[in-house]
Amino acid sequence: DVVGIRRIATPDVAAHFTRELHENQQKGLINRIGQPQLLQGDLAEAWYEENVAYATVAMRFTMTDVLLDRATGKVVSGDPSNPEETTEIWTFRREGAGRPWLLCGQQQV
């Protein structure tokens, strides 16, 4: 959902995800992510730069992350039945009070 991604992420992060989707499409792959469950989330850092607020959150979660062959539907990687645990650091930004928070950075730990 490229339109949805652009609603919740900054243009550079949305471009990264869109590029990844396009590369998978070129390879004949579909990425299916499901069953997300947040196990722990901690605010690691928060700060302001002029009128922009930033917040970095460390998140530990489980989810399924599967690559499928577009033509056959066969699993290329991942396990659709067993969610994997992951820890990532996500940074969000908000330009002005009352505006939505947007994902502006993501890093796997």
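Among contacts in the protein between residues at least 6 apart in sequence, 50% join residues at least 24 apart. Contact here means heavy atoms within 4.5 Å. The model is predicted: local features need pLDDT of at least 70, side-chain atom pairs count only at pLDDT 80 or more, and totals for chains, interfaces and linings use all residues. Residues are numbered from 1 along each chain as its sequence is written, and side-chain values use heavy atoms, with hydrogens and water left out.

The protein has two helices and five strands. Along the sequence they follow the pattern α-α-β-β-β-β-β. Helices (H or I, at least four residues) and strands (E, at least two) are DSSP runs, numbered from the N terminus. Taken along the principal axes, the C-alpha atoms fill a box of roughly 50 × 30 × 20 Å. Of the 109 residues, 28% count as buried. Buried means under 20% relative accessible area, exposed means over 50%, and partly exposed lies in between (1.4 Å probe, protein chains only).

The largest nonpolar core consists of five residues: I5, A9, V13, A14 and L103. Such a core is a set of buried Ala, Val, Leu, Ile, Met, Phe, Trp, Tyr and Cys residues joined through side-chain atoms within 4.5 Å. In soluble globular proteins, nonpolar side chains tend to be buried together.

The largest pocket was examined next. About 1,000 Å³ of space lies in this pocket. Its lining has 28 residues, and the closest to the pocket centre are F17, I33, M63, W90 and Q106. Six elements are listed as giving two or more residues to the lining: α1 (2–8), α2 (11–26), β1 (29–49), β2 (52–69), β4 (84–95) and β5 (102–108). By class, the lining has 14 nonpolar, eight polar and six charged residues. Ala, Val, Leu, Ile, Met, Phe, Trp, Tyr, Cys and Pro count as nonpolar, Asp, Glu, Lys and Arg as charged, and the others, Gly among them, as polar.

Pockets were found on a 1 Å grid over the protein atoms alone. A pocket is an open set of points where a 1.4 Å probe fits, with protein on both sides within 12 Å along at least five of seven lines; lining residues have an atom within 4 Å of a point. Grid points are joined across faces, edges and corners, and a volume is the space filled by probe spheres set on the points.

The second largest pocket has a volume of about 180 Å³. V2, T18, L21, H22, N24, Q25, L29, I30, N31 and R70 line this pocket. Two or more residues come from each of α2 and β1. Helix α2 gives the largest share, five residues. By class, this lining has four nonpolar, five polar and one charged residues.

Two aromatic pairs are present. The ring centres of W47 and Y54 are 5.0 Å apart and their planes are at 10°, so this pair is stacked. W47 is partly exposed, at 26% relative accessible area, whereas Y54 is buried, at 14%. W90 and F92 form a tilted pair, 6.1 Å centre to centre, with 50° between the planes. W90 is partly exposed, at 23%. Rings of Phe, Tyr and Trp (its six-membered ring) pair if their centres lie within 6.5 Å; planes under 30 degrees apart count as stacked, over 60 as edge-to-face and the rest as tilted.

T64 lies in strand β2 and is buried, with a relative accessible area of 6%. Beyond its neighbours within four places in sequence, T64 is in contact with R32, I33, G34, Q35, D79, P80, N82 and P83. Q107, in strand β5, is exposed at 52% relative accessibility. Leaving aside neighbours within four places in sequence, Q107 is in contact with E88 and I89. The C-alpha atoms of Q107 and I89 are separated by 5.1 Å, although these residues are 18 apart along the chain.

Two backbone angles complete the account. Q35, in strand β1, has a phi near 55°, a positive value in a residue other than glycine. Q35 is partly exposed, at 46% relative accessible area. E50 lies in the loop between β1 and β2. Its phi is also near 55° and positive. E50 counts as exposed, at 84% relative accessibility.
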